[in-house]
Amino acid sequence: MSNAMYNKMWHQTQEALNSLLDKESQNMMESQRNQVFIFQMLATFYIKYVQIFRNLEDVYDQIVHPQKRILIRKILDGVMGRVLELKNEMVELELTEFHYFDDILQDLKLAPQQLDIPIPKYFLKEKLEVIKGREKILAQILTSTGLDIPKKKYSVKSIPLEEAVKLIQISERARQGRLRAMFMKQIFLREHRSKQAKILGEKVADVGAAALQIQKVWRGFHQCKKTEKQREEEMIFLGMNPPPLFNEVSATVIQAEKVASLRNEMQIKHETNYKEALVTIKDDLKLLEGPDIKENLQDQIRHWFIECRNLTGMFPEYPNVEEGGSAIIFSNKTPQQVTEDIIATQEEEEKNKKKKKKKKAKKPKKPKKEKEKKETKEKNKEEDEGWKMSPSVFLPMMEEGNNVYKDMWKNRDESWNFPQDYDPELIKQEKRKELESEIRVQVDELMRQELKNLKLAVNREKEYPVKVGKKKGKKKKKGKKGKKGKRGKKDKDLTADRTIESLYKELVEEGLLIQALKVNLSDYIGEYSYLGTTLRQVSIEPMPSLLDVRQLIALYGILPLGSATVHEKAPLVKSLLLAGPSGVGKKMLVHALCTETGANLFNLSAANIAGKYPGKNGLQMMLHVVVKVARELQPSVVWIGDTEKTFYKKVPSAERTMDPKRLKKQLPKILRLLKPDDRILIVGTTQRPFDAELQSFCKVYQKIILVPRPDYASRFVLWKQIIQRNGGIITNALNISCLAKVTDGFTQGHIVQVVKGVLTDRRIRQQTYKPLTAVEFIAMLASMSPVYQEEEESFKDWYAKTPMGKKRALALTEGNIEKEKEKGKKKEKKGKKEKKKK
């Protein structure tokens with residue numbers, strides 16, 4: 001697409017954002033009571049913000065104007081943060097991590113795919129060189145220490161020479177036997193034909209009958225092919241089958257990819273030009289406009305001196321450097337406004353003196369009963385007011401960006417700037433302000449001296465030494481610093497004498513910092529839950545789909561880790577727990593988190609840290625090094641596999657030597673140390689959460705995500721995609737729907753294992769004349785054990801015991817009681833009406 005197209009796309013997105021901000025500002029003030037209405041309002045805002053997020057992400061990735069990109073980035077971060085805030089609001093309202101928007105999507109005429117959270121490409125683009133350098137260093141350390149992933153080596157058994165000769169003889173004799181059998185079969189068929197010819201005798205062949213027979217066979221064959229082709233065309237027309245070249249990459253897509261790569265090159269070129277221009281334009285302004293700015297500032301300050309002298313009878317006190325100097329007085333103000341401010345401050349000072357005299361008499365204390373009454377009244381007021389949307393951190397950021405867009409870019413004429421390079425006039429406006437602030441510092445020093453001279457000359461004032469009392473105050477402050485020093489001792493750096501590179505190497509050698517697998521979040525295949533809303537309306541809690549899980553990983557993990565501004569201001573998520581049966585893709589999601597954000601992966605699983613850094617001091621050192629490296633090289637993911645072992649109710653006798661509960665007391669301390677600036681996420685994965693102590697488990701893990709086994713729709717998509725990715729060709733002979741139904745209870749891991757087992761190199765080559773069938777896959781599935789309904793129910797029961805699960809259950813029971821009461825009232829009203837009629 002062209003520059004004009006992306007500009008148009010940006011303008012349309014900004015208009016949509018502007019209308020959405022207006023609606024939100026109206027709804028922020030209104031209080032609501034109806035929970036259904038509140039959720040629908042939040043959900044519509046959430047969906048619309050996701051649409052804006054998707055469009056802005058595309059625009060930011062492809063627009064080449066460097067100054068526009070700065071503004072778009074600011075708005076994009078604001079939209080991302082707002083999406084997370086709305087998600088948090090919905091979680092607090094519905095008391096569940098999973099939400100379903102089927103009815104709202106239908107009203108807005110959107111497909112469920114449009115709800116998918118995009119992952120901004122700038123997460124990796126902006127630090128691509130850093131990530132590549134880090135990966136190179138990690139690979140070098142792994143190869144030097146011999147810890148790199150070993151290649152598969154197939155063991156070859158050695159056999160004696162006699163046995164080898166015997167095997168060759170057997171195979172050779174078998175080959176000769178097969179050839180002889182074929183030869184004998186040909187002789188037999190030849191003899192059989194000659195015998196048949198003798199029995200029938202010499203008959204004259206009827207040419208017409210033969211021709212009719214050939215015609216009959218040919219026409220039948222031709223018609224079958226024709227009807228098959230017509231049926232296929234009809235199915236493609238109805239949208240039941242994909243078109244013939246559906247899976248092949250079209251020429252337009254290849255061209256679009258080329259254009260996108262060229263635009264990225266242009267972006268880098270324009271960015272470098274813009275950075276160079278910032279320096280050159282500032283230098284030019286300094287030479288041309290610097291002396292004039294200096295003179296204007298000096299005249300302005302001198303005018304202020306005279307005005308103050310005329311109004312108050314004495315010269316003013318010049319503001320300190322810490323306060324901001326003369327910039328405080330003349331911040332976008334005219335000389336008349338400055339004089340008005342001086343008069344106002346004098347009046348305020350006089351009023352404050354009078355008030356202080358009146359407030360000397362102490363107020364009588366109120367009795368406790370009155371205080372209690374006030375508290376109860378306030379509580380009742382809050383209940384009467386109803387629900388109100390909590391204040392947003394990101395709305396002011398978006399409004400500010402939107403206002404800048406309206407003032408600067410909405411009606412700007414860019415006919416002269418066809419290549420979309422930087423705008424020098426905008427740079428001049430920015431640099432004038434910077435230059436003025438720099439010159440102001442120099443002017444302030446000169447004017448302070450001038451003011452001293454004026455005071456001495458006109459007022460005959462002398463500078464008195466500072467009073468002794470103030471020094472005492474300073475001594476007290478020093479005492480306070482001493483207290484802070486005591487706190488500092490607790491968090492002292494244990495490795496102050498070591499570099500980050502040496503600590504990084506140590507963690508890699510110990511196996512605590514591992515290489516993340518190259519897996520994208522889009523590789524976690526699944527389908528949407530289309531019946532979520534309808535099931536909830538009948539008070540049935542639906543099992544989340546795989547794409548719901550994928551969205552939560554994007555919202556709670558990828559977006560905050562990728563953007564520093566979002567992580568600082570959005571609702572802070574320090575830890576995540578992925579609970580589910582084996583094979584559902586928990587580890588894959590952890591690796592996807594690292595791949596999408598370029599994060600380091602630290603493995604603190606109980607099995608991995610066993611025997612490493614022994615003793616209490618050793619454990620403290622290990623955690624200190626991990627947190628220090630994770631902070632320095634953020635974003636970072638700290639993964640604790642089989643995390644239930646860290647919180648065992650009772651440690652099994654076989655695992656006592658491993659000491660799996662080493663981290664139990666330390667994990668809450670680490671979480672307390674993490675600040676909004678630290679882009680560090682602790683992720684736990686577990687197959688058996690019911691083996692852990694629930695209270696301590698839930699204290700550590702802020703968000704608990706239940707990863708289910710795939711439903712029918714997800715299994716159908718999984719089979720199709722995994723077969724195609726492993727070189728399989730899907731034909732009419734392969735019934736994928738049947739496979740999806742048969743594999744109910746089997747996980748993604750099982751499906752991948754089966755497909756890889758069936759689709760060998762030999763079988764892939766045979767596909768042209770022997771297409772794949774469902775039976776081939778089912779034979780291998782028979783040897784595997786699925787996830788049974790009982791196991792899934794045990795996960796559901798465990799989740800119901802967690803804090804979020806308990807709140808949800810309580811809310812549902814309260815909702816059912818209210819519904820029953822409403823029904824009872826309706827029945828009573830009907831009964832009264834019937835009595836009146838009688």
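Me: At what angle do helix H2 and helix H9 pack, and how far apart are their axes?

Reply: Two packed helices are described by the angle between their axes and the distance between the axes. Here helix H2 (residues 35–62) and helix H9 (residues 251–288) pack at about 65°, with axes 8 Å apart. Axes are lines fitted to C-alpha atoms, for helices over the stretch in contact, and angles run from 0 to 180 degrees between N-to-C directions. H2 is therefore roughly perpendicular to H9 (65 to 115 degrees; under 35 is roughly parallel, over 145 roughly antiparallel, the rest oblique). This is a predicted model: local features need pLDDT of at least 70, side-chain atom pairs count only at pLDDT 80 or more, and totals for chains, interfaces and linings use all residues. Residues are numbered from 1 along each chain as its sequence is written, and side-chain values use heavy atoms, leaving out hydrogens and water.

Me: Which residues of H2 and H9 meet?

Reply: Contact means heavy atoms within 4.5 Å. Tyr60, Asp61 and Gln62 of H2 meet Ala260, Arg263, Asn264 and Gln267 of H9.

Me: How do H3 and H13 pack?

Reply: Helix H3 (residues 66–94) and helix H13 (residues 394–409) pack at about 150°, their axes 9 Å apart, which means that H3 is roughly antiparallel to H13.

Me: And what is the strand order in the open sheet?

Reply: Two strands pair if DSSP finds at least two bridges between them; helices (H or I, at least four residues) and strands (E, at least two) are DSSP runs, numbered from the N terminus. The 6 strands run S1-S3-S4-S5-S2-S6, with mixed pairing. S1 (513–514) and S6 (703–706) are at the edges, each with a single partner strand, so one side of each lacks a neighbour in the sheet.
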